[in-house]
Amino acid sequence: MSEKKTFYITTPIYYPSDKLHIGHSYTTVACDALARYKRMQGYDVMFLTGTDEHGQKIQDKAADAGVTPKQYVDNIVEGEGGVKDLWKLLDISYDRFIRTTDDYHMESCQKIFTQLYEQGDIYKSVYKGHYCKPCESFWTDSQLVDGKCPDCGREVYEAEEEAYFFKTSKYADRLLRLYEENPQFIQPETRKNEMIAFINQGLQDTCVSRTTVPWGIPVPFDQKHTMYVWVDALSNYITALGYQNGKYDDYSKFWPADLHMVGKEILRFHTILWPAMLMALDLPLPKRVFGHGWLLLDGGKMSKSKGNVVDPVVLCQRYGVDAIRYFLLREIPFGNDGSFSNESLISRINTDLANDLGNLLSRTVAMVEKYFGGTIPAQRAAGEFDEDLISIVSAMPAHVTENMDQLLIPQATQEIFKAIQRANKYIDETAPWALAKDEANKPRLAAVLYNLCEALRFAAVMLAPFLPTTADRMAEQLGLSQAERDFDTLTFGSKTEYTVQKGEALFPRIDMEKELAELAAEQAAKAAAAQADQPAEEAPALEKLELEHLDEITFDDFAKCEMRVARVLECEKLKESKKLLKFKLFDGERERTILSGIAKWYEPEDLIGKNVCIVANLAPRPMMKGKYVSEGMILSAEDNEGNVTVVQFPASVKPGSQLG
Ligand code: MSP
């Protein structure tokens, strides 16, 4: 008996620093469609996903939340509404979920690091860079902003830190040869050229340890160092198979990976550092790394810090999981960026899913029930238009396969919809309702309906990797057994009989105008609620007014107000408001965001790195239609002409110092 062919596919492992957005879901949904498709073709698939849980960012987030880093990541990964819940909601059929805080992974990483050190691929040296004392961070030349710390905007000074380095530079030539000899290795092609250019600029060795980030895997032979997160993270692709650990025994079966699917911004780590590490370990290299584009919103990459995040849970609740899966798979072209908008989502649902697919199924099933009481045998009464329909539907699985093998996911879905559209046209051409008027046409009518059922069976089977629930619902209405949904049974005319059963519409049509109006009304209501809380743009004037009308207060009342010195780390103008500036401040304990209506008097650069005074215990309030939450107030003085001056303290005053 011949062994089944294997297919190992991976998503990047996610930073659980925040809840995931619909952009994150794209990679995972795309990998899920590919994994399901390969399983359907009889492959023994290993589909790996997981979370990348170490590093400074997580450490800071946990400190902000007042919990340990492990508690923080446990909650985002395993907690209600966390990463695992989201993948369940989106029907992600992963075979393994790795967390980089899993003991077996950490153990393997330590062995890998030690091996590379012992064989001389990792060496100890000195990391030379620019050091920002308040931030305790090293920066390279290119990371500095106007020669200053990119985090807090303060002066930096030349400094050195002991660190371990990986000899990436040693592998430059082998990497270039790898790309040249394996044109499939980096995809799309255009991205390969970017990587070649990067290497040709001169590849530096990679600093792979830190002494200032305790939340990481300790370097086993030098415990004051922790491993650089990317070394830890990239290793997941082999540790999850059991490389250098006793947890799993799948390494020899599945490595090398058939496909690492990653967003374009992390392609460099996967096509330079990762293969170089594997070369050093003398391990086979992954067969393909695909750098996909981003899902954009308003022309920008979604990110929580920009506030333009679309919540996948809300979208699934409103439109159904398969509608969202379909949108993602259909809308992001191979290797390029795609855009999210309510209009494009609703229009895809209406055109492809409700009109083309939903109508074909409901019309066909309704006619089989109406004219034949729900059951028709296989019919051979051939007629006009049959040949074209049968040839298009029969050829469709091969076209889908061709496209999927080249990772052309939108094109693969398009091929299925071409067959669906052809079948809808066939209904118009054959006009079954007209045939039904004459008893003599019954055999022809049965043949027409049988052909439509077959077309729908092909669609149901081929849609399963993309829209699993929809495929199940179609199979139920068409009365398909599990065996009749097998990819290998896709020979037109092979099913002997259909007994159908009408079900609910697959995708109810959405009234675009009404829906957009409703969404706008919801947004407005949210905005109104936020405004009712505080008229955001008028903040400084209101604060002044309230103070004028206050009655005398007691000392205890005053003592309730906690005023502190805080350092401005970041400050930016908001495109939505002429009055507001958005600040990120360090208040001695944590970072916080405050929106302040002083844009008329200050440019962001005037205040970055400065010490200001904040009211620290004001209840957080939503601003700008709930898009931001302001966590306090920056104190300023306003003269009779309405000129505003922010209260400031010299740099020598420590953030967190209390006023009183
Ligand atoms: N932890 C690293 C990956 C380590 S892999 C060894 C990481 N994590 S991430 O959470 O920031 O991103 C995970 C994936 O989501 C990346 O492939 C990234 O490109 C993808 N996306 C994040 N936002 C996206 C969009 N708006 N659109 C499409 N994909 C995007 O990077």
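Reader: What should I know about the model before starting?

Author: It's predicted, so local features need pLDDT of at least 70 and side-chain atom pairs count only at pLDDT 80 or more, while totals for chains, interfaces and linings use all residues. Residues are numbered from 1 along each chain as its sequence is written, and side-chain values use heavy atoms, with hydrogens and water left out.

Reader: Which residues of α5 are buried, and which are exposed?

Author: Buried means under 20% relative accessible area, exposed over 50% (1.4 Å probe, protein chains only). In α5, Y104, H105, S108, C109, I112, F113 and L116 are buried. They sit on the same side of α5 because they cover an arc of only 170 degrees around the axis, going by directions from the helix axis to the C-beta atoms. D103 and E118, on the other side of α5, are exposed.

Reader: What comes after α5?

Author: G120 follows, with a positive phi near 90 degrees.

Reader: How many residues surround the ligand?

Author: Count a residue if one of its heavy atoms lies within 4 Å. Here that gives 25, and the closest are I13, D52, G263, E265 and L295.

Reader: Where do backbone N or O atoms lie by the ligand?

Author: A polar contact is a pair of N or O atoms within 3.5 Å. One backbone atom of I13 is 2.7 Å from a ligand nitrogen; for ligand oxygen atoms, Y15 has a backbone atom at 3.1 Å and G263 one at 2.9 Å.

How values were computed:
Helix = DSSP H or I, 4+ residues; strand = E, 2+ residues; numbered from the N terminus. Polar contact = N/O pair within 3.5 Å; in protein donor to acceptor, adjacent residues only side chain to side chain.
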